[in-house]
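Morning, everyone. Let me put the next chain on the screen, and then I'll walk you through it.

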Amino acid sequence: MPKRKAVQAELYSPDAAGNPCLNGGKCGACGYVFFPPQRYGCEACGAPPEKLEAVELRGRGRLHSYATVHLHQGKDIEAPFTVGLIVLDDGPAIRAMLTERTDAGLAIGDRMASVLVAAGTDADGNEMVELRFARAEAGR
(Lines give C-alpha, C1' and ligand atoms only; values in the text may rest on other atoms or scores of the structure.)
Protein backbone atom coordinates (compact mmCIF):
# COMPACT_ATOMS: atom_id res chain seq x y z
CA MET A 1 0.00 0.00 0.00
CA PRO A 2 1.48 3.40 -0.94
CA LYS A 3 2.29 5.76 1.90
CA ARG A 4 3.50 9.33 2.39
CA LYS A 5 7.27 9.76 2.40
CA ALA A 6 9.35 12.84 3.09
CA VAL A 7 11.50 14.23 0.28
CA GLN A 8 14.14 15.04 2.93
CA ALA A 9 13.59 12.30 5.52
CA GLU A 10 16.61 13.40 7.56
CA LEU A 11 14.82 16.70 8.32
CA TYR A 12 11.15 15.75 8.81
CA SER A 13 8.69 12.91 8.53
CA PRO A 14 4.90 12.50 8.60
CA ASP A 15 3.47 11.20 11.88
CA ALA A 16 0.58 8.72 12.06
CA ALA A 17 -1.93 11.56 11.49
CA GLY A 18 0.03 12.91 8.51
CA ASN A 19 1.39 15.97 10.35
CA PRO A 20 5.06 16.87 10.04
CA CYS A 21 7.51 16.02 12.80
CA LEU A 22 10.73 18.02 12.51
CA ASN A 23 13.91 16.15 13.43
CA GLY A 24 15.93 18.38 15.71
CA GLY A 25 18.47 17.93 18.44
CA LYS A 26 19.16 18.98 22.00
CA CYS A 27 22.38 19.28 23.94
CA GLY A 28 22.32 17.29 27.18
CA ALA A 29 24.97 19.57 28.68
CA CYS A 30 23.44 23.04 28.15
CA GLY A 31 19.90 22.40 26.84
CA TYR A 32 20.48 24.13 23.49
CA VAL A 33 17.87 23.03 20.90
CA PHE A 34 18.80 23.05 17.22
CA PHE A 35 17.56 22.29 13.72
CA PRO A 36 18.61 20.72 11.42
CA PRO A 37 20.07 17.72 13.23
CA GLN A 38 23.85 17.41 13.29
CA ARG A 39 26.39 15.15 14.98
CA TYR A 40 29.45 17.35 15.41
CA GLY A 41 28.89 18.57 18.98
CA CYS A 42 27.04 21.47 20.53
CA GLU A 43 27.49 24.75 18.69
CA ALA A 44 26.47 26.69 21.82
CA CYS A 45 28.66 25.18 24.55
CA GLY A 46 31.07 22.94 22.64
CA ALA A 47 29.94 19.70 24.30
CA PRO A 48 31.04 16.54 22.44
CA PRO A 49 28.69 14.69 20.05
CA GLU A 50 27.77 12.04 22.63
CA LYS A 51 25.98 14.78 24.64
CA LEU A 52 23.54 15.42 21.76
CA GLU A 53 20.16 13.73 21.61
CA ALA A 54 17.52 13.60 18.91
CA VAL A 55 14.27 15.47 19.63
CA GLU A 56 11.05 16.00 17.69
CA LEU A 57 10.09 19.63 17.16
CA ARG A 58 6.42 20.52 16.80
CA GLY A 59 6.80 22.89 13.85
CA ARG A 60 4.87 25.81 15.31
CA GLY A 61 6.13 29.32 15.86
CA ARG A 62 6.08 32.96 14.78
CA LEU A 63 7.07 34.53 11.49
CA HIS A 64 10.18 36.63 12.12
CA SER A 65 10.88 37.76 8.54
CA TYR A 66 10.07 36.80 4.96
CA ALA A 67 11.04 37.49 1.36
CA THR A 68 9.32 36.76 -1.94
CA VAL A 69 11.49 35.54 -4.79
CA HIS A 70 10.19 36.82 -8.14
CA LEU A 71 13.02 35.64 -10.42
CA HIS A 72 14.58 32.23 -9.94
CA GLN A 73 16.93 30.45 -12.33
CA GLY A 74 16.42 26.98 -10.86
CA LYS A 75 14.05 24.65 -12.63
CA ASP A 76 12.99 22.83 -9.46
CA ILE A 77 10.60 25.57 -8.28
CA GLU A 78 8.52 28.15 -10.07
CA ALA A 79 8.65 31.82 -9.03
CA PRO A 80 7.15 33.61 -7.29
CA PHE A 81 7.61 31.83 -3.97
CA THR A 82 8.04 33.09 -0.43
CA VAL A 83 10.65 32.04 2.12
CA GLY A 84 10.18 32.79 5.82
CA LEU A 85 12.26 32.74 8.97
CA ILE A 86 10.14 31.10 11.64
CA VAL A 87 11.17 31.14 15.30
CA LEU A 88 9.81 27.85 16.59
CA ASP A 89 8.08 27.62 19.97
CA ASP A 90 10.55 24.80 20.71
CA GLY A 91 13.52 27.17 20.34
CA PRO A 92 15.38 27.28 17.05
CA ALA A 93 14.74 29.61 14.13
CA ILE A 94 14.45 27.93 10.74
CA ARG A 95 14.19 29.12 7.15
CA ALA A 96 11.51 27.42 5.12
CA MET A 97 9.28 27.93 2.13
CA LEU A 98 5.79 29.17 2.88
CA THR A 99 2.60 27.88 1.32
CA GLU A 100 1.76 31.44 0.22
CA ARG A 101 3.40 32.14 -3.13
CA THR A 102 3.61 35.90 -2.44
CA ASP A 103 3.84 37.97 0.71
CA ALA A 104 0.31 39.40 0.32
CA GLY A 105 -1.36 39.39 3.73
CA LEU A 106 1.69 38.20 5.68
CA ALA A 107 2.79 40.10 8.77
CA ILE A 108 5.76 39.79 11.08
CA GLY A 109 4.57 37.95 14.17
CA ASP A 110 1.99 35.78 12.38
CA ARG A 111 1.54 32.37 13.98
CA MET A 112 2.88 29.68 11.64
CA ALA A 113 2.49 25.90 11.49
CA SER A 114 4.39 23.32 9.51
CA VAL A 115 2.48 21.39 6.85
CA LEU A 116 3.33 18.74 4.30
CA VAL A 117 2.53 19.40 0.64
CA ALA A 118 2.45 16.90 -2.21
CA ALA A 119 5.63 16.77 -4.30
CA GLY A 120 4.92 13.89 -6.69
CA THR A 121 5.33 10.14 -6.34
CA ASP A 122 8.34 7.86 -6.13
CA ALA A 123 9.02 4.74 -8.23
CA ASP A 124 7.00 2.60 -5.79
CA GLY A 125 3.93 4.84 -6.04
CA ASN A 126 4.40 6.46 -2.62
CA GLU A 127 3.31 10.08 -2.28
CA MET A 128 6.35 12.29 -1.71
CA VAL A 129 5.79 15.30 0.57
CA GLU A 130 7.77 18.48 1.23
CA LEU A 131 7.83 20.63 4.35
CA ARG A 132 6.27 24.11 4.16
CA PHE A 133 4.91 26.60 6.68
CA ALA A 134 1.44 28.17 6.57
CA ARG A 135 -0.30 30.76 8.67
CA ALA A 136 -1.85 28.96 11.62
CA GLU A 137 -5.51 29.28 12.39
CA ALA A 138 -6.42 31.66 15.20
CA GLY A 139 -5.92 30.05 18.60
CA ARG A 140 -3.43 27.43 17.39
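Charges, then. The chain carries 16 positive and 18 negative side chains. Lys and Arg count as positive, Asp and Glu as negative, while His and the chain ends are not counted. The centres of the two sets lie 3 Å apart. For that, each charge is placed at NZ of Lys, CZ of Arg, CG of Asp or CD of Glu.

A word on the source. This is a predicted model, where local features need pLDDT of at least 70 and side-chain atom pairs count only at pLDDT 80 or more, but totals for chains, interfaces and linings use all residues. Residues are numbered from 1 along each chain as its sequence is written, and side-chain values use heavy atoms, with hydrogens and water left out.

Now the surface. Of the 140 residues, 35% are buried, meaning under 20% relative accessible area with a 1.4 Å probe, protein chains only. The C-alpha trace spans about 40 × 40 × 35 Å along its principal axes.

What is the secondary structure? The chain has 10 strands and zero helices. Those are DSSP runs numbered from the N terminus: at least two residues of E for a strand, at least four of H or I for a helix.

Six strands form an open sheet with mixed pairing, in the order 1-10-9-6-7-8. Strands pair if DSSP finds at least two bridges between them. Strand 1 (4–6) and strand 8 (93–97) are the edges; each has a single partner strand, so one side of each has no neighbour in the sheet. The twist averages 40° from one strand to the next, using axes fitted to C-alpha atoms and angles from 0 to 180 degrees between N-to-C directions.

Strand 1 pairs with strand 10 (residues 127–135) in the parallel sense, over three bridges. There, lysine 5 stands opposite methionine 128 of strand 10.

Last topic, peptide bonds. Most peptide bonds are trans. Where are the cis ones I want to show? One joins phenylalanine 35 and proline 36, with omega about 5°. Proline 36 lies in the loop between strand 4 (33–34) and strand 5 (52–57). Another runs from alanine 79 to proline 80, with omega near 0°. Proline 80 is in the loop between strand 6 (60–69) and strand 7 (81–88).

Conventions. Buried < 20%, exposed > 50% of the residue type's maximum accessible area, 1.4 Å probe, protein only.
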